[in-house]
Amino acid sequence: MSRFKSDFLRTLDERGFIHQISDETGLDELFSKETVTAYIGFDPTAPSLHAGGLIQIMMLHWLQQTGHRAISLMGGGTGMVGDPSFKDDARQLMTIDTIESNIASIKRVFSNYLTYGEGPKDALMINNGDWLRDINYLEFLRDVGRHFSVNRMLSFDSVKTRLDREQSLSFLEFNYMILQAYDFVELNKRYDTRLQMGGSDQWGNIVNGIDLGHRMGTPQLYALTSPLLTTASGAKMGKSLSGAVWLNPDMLSAYDFWQYWRNTEDADVSRFLKLYTTLPMDEIARLSALAGSEINEVKKILATEVTAMLHGRTAAEEAAETARKTFEEGALSENLPSVEIPGAELDAGIGLLSLMVKAGLAASNGEARRHVQGGAVRINDEAVTDERRVVGSGELTADTVIKLSLGKKKHFLIRPV
């Protein structure tokens, strides 16, 4: 039995989303009585979020699915400062143009998980630059800054970590937590927002907002955080061997996204089905009970369900079929990710190590060399042991492509243009 009576908190609880809540009973009562508006902030530090941020998007998804109003807050204002929480050093400052470009790019993903519109339960996409960029500094210091104790701010783990390592924390970054707290108050004033959610590393920042709201006369505000996820082997979520697992399709193909989830460790399958899919809990329980070779079929279901939410059911099933043909039949599939190389360059010949880096199968020539020496590299399904191998147009197949493979699961087609 869940300890919650409201649909939203019960759903989050049984699926493993809850790490901490500021006032469980009060928040549960609120969700049971009325339509609640809640938000999560997203920093526009890149043109796309990656799979590590998917847990936050899924929390907003379930918020809306259980009848409440979700706000995805874009950090168009705070992004100009950068969140120093648990960072080793200051972030590079971004121009307003870069921030706006990143926000426009990030936005495209959210409509796959949330329904935006003007209705009482439709989600809202808000930019905190709307109020932060026009702040009068002296008024802000007097009306908001006076409520903050520097002693208390210095006690937060996110700040202490930097100071304990004797790493510089600029005044600019120090202001970030004040701006984030003010966002909560402003969102309450504008949209009656009562709850801020985020990863567990944001707990101090969110509680700051609750405290500021109390001092500035808002109704009771609430905090809810999710656990910071790592895989069973301790790897950070959203990172693969070849880099970040981006959500935007122009930065990572549906096939590569599918493969990331297909390669989930056995110990993580049940947890990821709960967090990242919308499959019913009884179906997840049935799938979680399977073992042995059957777990590979469950991983394919996980990969297809997660990919379907982001890229659409058709793209997810195509990715699954591409993988089946490639691995089970050894066939060459046109849907494999590809990299285009000028025909003249292929005619002249290109070094295997350079080609692997261009295809994203290795981050550097040194890494590519280690893969070749380890016997993990194949060209047109034939093992390659010579790291000095030159790949040329003579190796084009009848389909006018060259298939470059790393291990059993990573394949790229080299296409001349």
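Skipping its neighbours within four places in sequence, Trp261 is in contact with Ala51, Leu54, Met237, Phe272, Tyr276, Lys299, Leu302, Ala303 and Val306. Bear in mind that this is a predicted model.

**The cores.** Trp261 also turns up in the largest nonpolar core, which has 69 residues. Together with Met197 and Tyr276, Trp261 is among the residues with the most contacts inside that core. Helix 3 (residues 54-65) supplies the largest share of this core, with 8 residues. There is another core apart from it, made of 30 residues, and Phe140, Val159, Tyr182 and Ile210 are among them.

**Two partners for helix 15.** Here is how helix 12 (residues 254-262) and helix 13 pack against helix 15 (residues 294-311).

| Pair | Angle | Axes | Crossing |
|---|---|---|---|
| Helix 12 and helix 15 | roughly 140° | within 8 Å | right-handed |
| Helix 13 and helix 15 | about 20° | 10 Å apart | left-handed |

Take helix 12 and helix 15 to begin with: their axes cross at roughly 140°. That angle makes helix 12 oblique to helix 15. On the helix 12 side, the contact is made by Ala254, Phe257, Trp258, Trp261 and Arg262. Helix 15 brings Asn296, Lys299, Lys300, Leu302, Ala303, Thr304, Val306, Thr307, Leu310 and His311. Sort the residues of this contact by type and you get 8 nonpolar, 4 polar and 3 charged.

Now for helix 13 and helix 15, whose axes are 10 Å apart at an angle of about 20°. Angles under 35 degrees count as roughly parallel, so helix 13 and helix 15 are roughly parallel to each other. Val269, Phe272, Leu273 and Tyr276 make the contact from helix 13, while Ile295, Val298, Lys299, Leu302, Val306 and Met309 make it from helix 15. By type, the residues of this contact split into 9 nonpolar, no polar and 1 charged.

**What helix 13 buries.** Helix 13 spans residues 269-276, and its buried residues are Val269, Phe272, Leu273, Leu275 and Tyr276. These buried residues pack against helix 1 (7-15), helix 3, helix 12, helix 14 (281-288) and helix 15.

How values were computed:
Residues numbered from 1 in each chain as written. Predicted model: local features only at pLDDT ≥ 70, side-chain atom pairs only at ≥ 80, totals over all residues. Heavy atoms only, no water. Core = buried A, V, L, I, M, F, W, Y, C linked by side-chain atoms within 4.5 Å. Buried < 20%, exposed > 50% of the residue type's maximum accessible area, 1.4 Å probe, protein only. Helix = DSSP H or I, 4+ residues; strand = E, 2+ residues; numbered from the N terminus. Contact = heavy atoms within 4.5 Å. Axes fitted to C-alpha atoms, helices over the stretch in contact; angles between N-to-C directions. Parallel < 35°, antiparallel > 145°, perpendicular 65-115°, else oblique. Left-handed = near helix turned anticlockwise from the far one by under 90°. Nonpolar A, V, L, I, M, F, W, Y, C, P; charged D, E, K, R; others polar.
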